[in-house]
Amino acid sequence: MSALLEVSDLVVDFPTAADGVFHAVDSVSFTVSAGERVGIVGESGSGKSLTSQALMRLVPEPGTVSSGSVLFEGADVMAFSAKKLQKWRGSQTAMVFQDPMSSLNPLMRIGRQITESLQKHLGLSKAESRTRAIELLQRVGIPDAESRLSDFPGAFSGGMRQRVCIAIATACSPKLIIADEPTTALDVTVQAQVLDLLDHMATELNTGVILISHDLGVISSFCDRILVMYAGRIVEEGTAEQIVGDPQHPYTKALLSSILRLSEPIPRRLKPISGAPPLAGQRASGCSFAPRCALAIDACRTLDPALVPASNASPGQRVACGVAAPAAFELADEVTAA
Amino acid sequence: MSTVLLEVDDLEVTFRRSAGPGRRAASVPAVRGVSFQLEAGTTLGIAGESGSGKSTIARTLMGINKPSGGSMRLNGADVGALRGRELAQYRQTMQMIFQDPYDSLDPRMKVSETLLEAIKLRKNKPASPLNEVYQLLEKVGLSKSFASRRPRELSGGQRQRVSIARALCVDPRLILCDEAVSALDVSVRAQVLNLLKDLQEDLGLAYLFISHDLSTLRFMADYVGIMYLGKIVELGTRDEIFERPQHPYTRALLSAVPEPVVIDRTVRLPRVRLTGEPPSSTNPPTGCSFHPRCPLAQEICRTTAPARRVTSSGQLAACHFAEPELVVAEA
């Protein structure tokens, strides 16, 4: 089965003050199949949002995608013309952002914001698009949909606005939805509703979903597969069960053990990860997690580990750590030698 | 014996919303009859969704908002009646840490300047203020070298540590933490939570810990109040609230928290899913404010606001259907 989206060796560079470049996203590769829920989890600055922006070709200035390929149903997104890109973004893919207020036009009625893309991308008439807009709002659980078409975004609550954003995002039945922290600004009871809605899209409409979040709880309860990012790299990849149940990378392990869970006894103290993630452009040589890693050996400070199959032989689980999987260093060696 | 440090009784805070494009002037009751006590050296956690009024309570205690009813007593003294020097004293007993350490530190001031400014307010001036700065930094886990830095040279966690050091400058007994760790990354959040716990143990601080994050509250708090639309709907010890929640809203909140645990997807636990969203405080529903979203709601809930009462498991809950305490008939 061919993948819906195939990202290979994606690199996003930002210029540094010292006239150098800094890889904000560094050799990121992954695939998303139709109907699959892929989660990207990481702390701020890990490159998780940039990765999604890069594959939509929306990297903010002065960043650039300096190498790598993005294939959507086999077509090379990086080679799309401006016109094709616009059509692709509007009809095949959709993005949902953290702050629904800033992604809606505050001066345009909700109805118009939905029908706009229906008319533009699907060529529906005014009347057809209006009927469809009502259906879409009903599908995302907005009561009294018909009368709400004439409301401005300001008349909706935060959760309702996010539903409107999802309605707009799904208007043209996209094959891929990228949701970047879609529930971070929402209350926990509303978060559950929005996640149910995205879940419905993946299950019923076979939409591929990339969910980006800092919250491992949200990611692991929603996603089939998880990518853990640290300092621009994927450091571990696996199913939700693998990542949560048998993490291999010291960062994933440390992250999981620094989290509080309602389902477990209350610890006397938390086990934090010492230090802080590296600042942009201040990456040391070797593994970027080494300065905070309790298991780091000398090799970790010089060799940049590759993402290799985990040594627990769990199918599909991959880890970029030379201590957890010695092959990561062997491959790193080859790369340096080449 | 425990001593009550802070006593809030029937607090009401109402905002006036002026008329604007497409809306009328209205009065917004943000806090509606909130009562609680906080003992010295303990933590009261307040949870609730956005707009439930939890931050308004903290801001009213700090004097940023004015109460429209009820009373607040600190060490027995009525806060509303304090003036001049007494008010200044009161403000030093209580300090606040905000969610965003980017906004709450002056970007132009070095860390030492920020702290010295607060140290100056102290009644007993230290012999060497700069030494005091170093000691405070050490208390919050920062080296001396941080004294000469400015906020933009600090990470989020470091900034929050400076905010905590600033709060400690005046030797407070109570610190109001309003979403104090919510903006921090997970790995850094744990460091700051540990620090707050250590400081409580060492200095005997009391915390009013406001957070929407229930697992953080469970770690930090001795007592927990759950707020909904300006009211505390359930109040009890940590174990009462987390192990034996009585109010349907508390139960729904607890079951909505996604956890990173291995789940068998074939047997998904039936979760309490709330429909709808918190209603607007401008126009709270009749009866119990929670009734439009409550799975247990009956006719009485639509007409009569439930009083807070002691339940069989010990905590206070404002729900007609919370298990009432078994009344033992006196002989």
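**Entry 1: a starting pair**

I began at Ile40(A), which I found opposite Leu227(A) in β9(A). I note at the outset that this is a predicted model, in which local features need pLDDT of at least 70 and side-chain atom pairs count only at pLDDT 80 or more, while totals for chains, interfaces and linings use all residues. Residues are numbered from 1 along each chain as its sequence is written, and chains are lettered from A and ligands numbered from 1 in the order in which they are written.

I take helices (H or I, at least four residues) and strands (E, at least two) as DSSP runs, numbered from the N terminus, and I count two strands as paired if DSSP finds at least two bridges between them. On that basis β3(A) and β9(A) pair in the parallel sense, over four bridges.

**Entry 2: the sheet of chain A**

I traced the order of the open sheet as β6-β7-β8-β3-β9-β10-β12-β11 (chain A), eight strands with mixed pairing. At its edges stand β6 (93-96) and β11 (308-309) of chain A, each with a single partner strand, so one side of each is left without a neighbour in the sheet. I then followed β7 (residues 176-180) and β8 (residues 208-213) of chain A, which pair in the parallel sense over five bridges; in β8(A), Gly208(A) is the bridge partner of Leu176(A).

Helix α1 (residues 48-55) of chain A packs on this sheet and touches β3 (37-41), β7, β8 and β9 (225-230) of chain A, its direction making about 145° with that of β8(A). For such angles, axes are lines fitted to C-alpha atoms, for helices over the stretch in contact, and angles run from 0 to 180 degrees between N-to-C directions. Contact itself, here and below, requires the C-beta atoms of two residues, placed from the backbone, to lie within 7 Å.

I call a residue buried if 20 or more other C-beta atoms lie within 10 Å of its own, exposed if 12 or fewer, and partly exposed in between, with C-beta atoms placed from the backbone. Eight of the eight residues of α1(A) are buried, so the helix is largely enclosed by the rest of the structure; among them are Lys48(A), Thr51(A) and Leu55(A). Arg57(A), which follows α1(A), has a positive phi near 55°.

I found β9(A) mostly covered too, with six of its six residues buried. Arg225(A), Leu227(A) and Met229(A) point one way from the strand, and Ile226(A), Val228(A) and Tyr230(A) the other way. Six bridges join β9(A) to β10 (residues 233-239) of chain A in the antiparallel sense, with Tyr230(A) opposite Arg233(A). The hairpin has two residues between the strands, and Ala231(A) takes a positive phi near 50° there.

**Entry 3: β9 of chain B**

I turned to β9 (residues 223-228) of chain B, where six of the six residues are buried, so the strand is largely enclosed by the rest of the structure. I assigned Tyr223(B), Gly225(B) and Met227(B) to one side and Val224(B), Ile226(B) and Tyr228(B) to the other. Strand β3 (residues 43-48) of chain B pairs with β9(B) in the parallel sense over five bridges, and Gly45(B) has Val224(B) as its bridge partner. Six bridges join β9(B) to the antiparallel β10 (residues 231-237) of chain B, where Tyr228(B) stands opposite Lys231(B). In this hairpin, with two residues between the strands, Leu229(B) has a positive phi near 50°.

I also looked up Ala221(B), which lies in the loop between α7 (214-220) and β9 of chain B and is buried, with 23 other C-beta atoms within 10 Å. Leaving aside neighbours within four places in sequence, Ala221(B) is in contact with Thr43(B), Leu44(B), Gly45(B), Phe209(B) and Arg238(B).

**Entry 4: where the chains meet**

I noted 35 residues of chain A in contact with 34 residues of chain B. The elements giving two or more residues to the chain A side are α7 (158-169), α8 (188-205), α9 (216-222), α10 (240-245) and α11 (250-257) of chain A, and the largest share, five residues, comes from α9(A). By class I recorded 18 nonpolar, eleven polar and six charged residues on that side, counting Ala, Val, Leu, Ile, Met, Phe, Trp, Tyr, Cys and Pro as nonpolar, Asp, Glu, Lys and Arg as charged, and the others, Gly among them, as polar.
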